[in-house]
Each structure stands twice: as C-alpha cells, then as structure tokens.
Amino acid sequence: MKTGLARACLLLAACWAGGVHSGVSCPPRPIRFAFYEIGQFYSAGRGLDRDVAEELRRRSGCEFEFVVMPRARIWQELEAGSLDMTGSAIETPERSKIYWFLNYIQLRQYAVLSIDVPDSIRSMEAFIRDAPSSRWAIVRSYSTSRYFDPLVVQLGVQRRLVEVAEEDVLFRMLDQRRVAGIFSTPMVYRQKIRQHGLDDKVRVADWEKDDAPSPRSLVLTKRTFPEAEARAWRLLVDGMNRDGTMLRLINRYMSREEAAAAVWAGGKR
C-alpha cells in the first residue's frame, strides 16, 4: 500500500513538473516574460509580479526567461512577437484584440497631487476645469482605469499631459513641481513617496468614480498562446486565487485587510 502511494505521489510530481497536471502545454522554448519597474510590483528584481511569475513557472512546469524593459517597449515587443507575457496590465478594447488578459489583482487608482493643488479641487473634472495652467503626467502606454482614461485624453488634447518612460520620473517631476499630479496605487506610491522624500510635498486623493477597483492582468500574446492554451493558463491563475496563494503573495506587500480587498474578485470561489 505504501509503495503504491509513493508511486502515485512520484507520478503526480512528475506530471506537475512537466506542466501536464496544470493542463498547460509548455512551448518548445522558454517563455519570455517582461517586467517593468513599478514600485512593489517590480523593483530591483523583486516584487509581486516576480512572485506571481515564479509561481506560474512552478505550477506550469514551463521554462521562463525574465527580462526588464520600459513599459512602452514591452507593448511593442509583445506586438512584434519578441515577448510572450507581462504583468500588471489593464485591459482595453484595442489591446484585447491581440492579447489575452488574465486578471489576478484589483486596485483603485489614486491621484497623487502636489501641495500646490488647492484643496477645493476634489475631482479630475475639477482639475481639468479649475487648474487650466497645471499639467498631469503618466507613464507612456499606461492605461489607468475606465473612468480616468477619457479624462487623460482631454488633458492630452489641451496639451497638459506629459508622458514619461518610467514610474520614477513621475515622482521626480512632482518633487520638482513640473507637474501638478499623477496616478498611482498604494503598491507604488507608498514606496516612491518615501524614496523621493515627498511626504510633505504631496497629498493623496481618491478621485476614482468607479465603485469596482480596476483589475490588473497577466498578459499573454495571442501569437504564442491559442485560445485553448490561454484557457489553461487562466485556470492556473484562478487556482492561485482559490487556494489562497495569490492572497499570500499580495500580503507580502500590503496589510491583511488591503490584500483581501486586492485579490481579484472574479477569481474567488
């Protein structure tokens, strides 16, 4: 009996290591997964996205190759087929035509404002209307939320939008008072405000009008993953939500209460 049980355990371990147990069929080459520097999601080789990618590698049994590059370049190389996956992305109708989006965390976007912005301005609409000489900054190719994205377009039309390559530049511009505000999440702004010594120079405001937090997704390019394979990866990610793994990973960077609210609700069972 013990021998049979041991043999079954060995077989299960072998199937898991080969990606069979997960239902994922590994490509014949390493999966190229790209990170970009964005606070506690990824910074200096560590962060939630790195943890999630490592767990995906462990569960799928697939070989991964990790690279780091600016966000705008990641989208370019995903489209060109030079990359296969990335994390911390927000789905848009245009992007969903060429990528699969597998949600794994949900977060509200906050406005991080220079203290020069009057307290009387309490919404993005008010900022656009009542601070016509003030500018806003975003990371190039970065989507914010369904509510904020159209307002960002308005700022661009008014030539009040500054697009930069990296998250750190946003906080440097706030420090130098070159812009009045940026968007960020607690996973990012808590670390960056401390690093850049901005505690007395900025305030954080909740201007998000959508009740539901914006999901962040694992992105798979359709060039590499046909629909059936994407479903297998989705089941793998959903399994991380159901068995508490995602909560445990997020809890490394947030309080228990914040982590519980941040786990993708659609993945809970």
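This is a predicted model: local features need pLDDT of at least 70, side-chain atom pairs count only at pLDDT 80 or more; totals for chains, interfaces and linings use all residues.

Reply: Residues are numbered from 1 along each chain as its sequence is written, and side-chain values use heavy atoms, with hydrogens and water left out.

Me: What radius of gyration does the protein have, and why does that agree with a compact globule?
Reply: The radius is taken over C-alpha atoms, and the globule rule is 2.2 Å times the number of residues to the power 0.38. With 269 residues, that rule puts a compact globule near 18 Å, which agrees with the protein's 20 Å.

Me: What does the C-alpha trace span along its principal axes?
Reply: For context, the chain has 10 helices and 10 strands; these are DSSP runs (helices H or I, at least four residues; strands E, at least two), numbered from the N terminus. Along its principal axes the C-alpha trace spans about 75 × 40 × 30 Å.

Me: How much of the protein is buried?
Reply: Buried means under 20% relative accessible area, exposed is over 50%, and partly exposed is in between (1.4 Å probe, protein chains only). Of the 269 residues, the buried ones make up 50%.

Me: What share of the contacts with a separation of 6 or more comes from residues 24 or more positions apart?
Reply: A contact here means heavy atoms within 4.5 Å. Among contacts with a separation of 6 or more, residues 24 or more positions apart account for 77%.

Me: Why is the pair of Phe 33 and Phe 35 called tilted?
Reply: Rings of Phe, Tyr and Trp (its six-membered ring) pair if their centres lie within 6.5 Å; planes under 30 degrees apart are stacked, over 60 edge-to-face, and the rest tilted. The structure holds 16 aromatic pairs. In this one the ring centres are 4.9 Å apart and the planes sit at 45°, so the pair of Phe 33 and Phe 35 is tilted.

Me: Are Phe 33 and Phe 35 buried or exposed, and which cluster do ring pairs link them into?
Reply: Phe 33 has a relative accessible area of 1% and Phe 35 has 2%, so both are buried. Ring pairs link them into a cluster of Phe 33, Phe 35, Tyr 42, Phe 64, Phe 66, Phe 225 and Trp 233.

Me: Which residue lies over the face of Trp 100?
Reply: A charge sits over a ring if NZ of Lys or CZ of Arg is within 6 Å of the ring centre and within 35 degrees of the ring normal. Here the distance from the ring centre is 4.3 Å, and the residue is Lys 222.

Me: Where do Glu 54 and Arg 57 lie?
Reply: A salt bridge is a side-chain nitrogen of Lys or Arg within 4 Å of a carboxyl oxygen of Asp or Glu, and the structure holds 18 of them. The side chains of Glu 54 and Arg 57 meet in one at 2.5 Å, N to O. An α-helix has 3.6 residues a turn, so residues three or four places apart point the same way. Glu 54 and Arg 57 are 3 residues apart, about one turn, and both lie in helix H2 (residues 48-60).

Me: Is Glu 77 buried or exposed?
Reply: Glu 77 meets Arg 73 in a salt bridge at 2.7 Å, N to O, and the two are 4 residues apart in helix H3 (residues 71-80). Arg 73 is partly exposed at 41% relative accessibility. Glu 77, at 16%, counts as buried.

Me: Which residues are linked with Glu 55 in a network of salt bridges?
Reply: This is a network, with several charged side chains joined up. Linked with Glu 55 are Arg 58, Arg 59 and Asp 243.

Me: How many residues of helix H7 are buried?
Reply: Helix H7 (residues 186-195) is largely enclosed by the rest of the structure. Its buried residues, among them Met 187 and Tyr 189, pack against several elements, including H2 and strand S4 (99-107). Of the 10 residues in H7, the buried number is 7.

Me: Which residues does Lys 201 touch, not counting those up to four places away in sequence?
Reply: Lys 201 is in the loop between H7 and S9 and is partly exposed at 37% relative accessibility. Leaving out residues up to four places away in sequence, Lys 201 touches Leu 113, Ser 114, Ile 115 and Asp 175.
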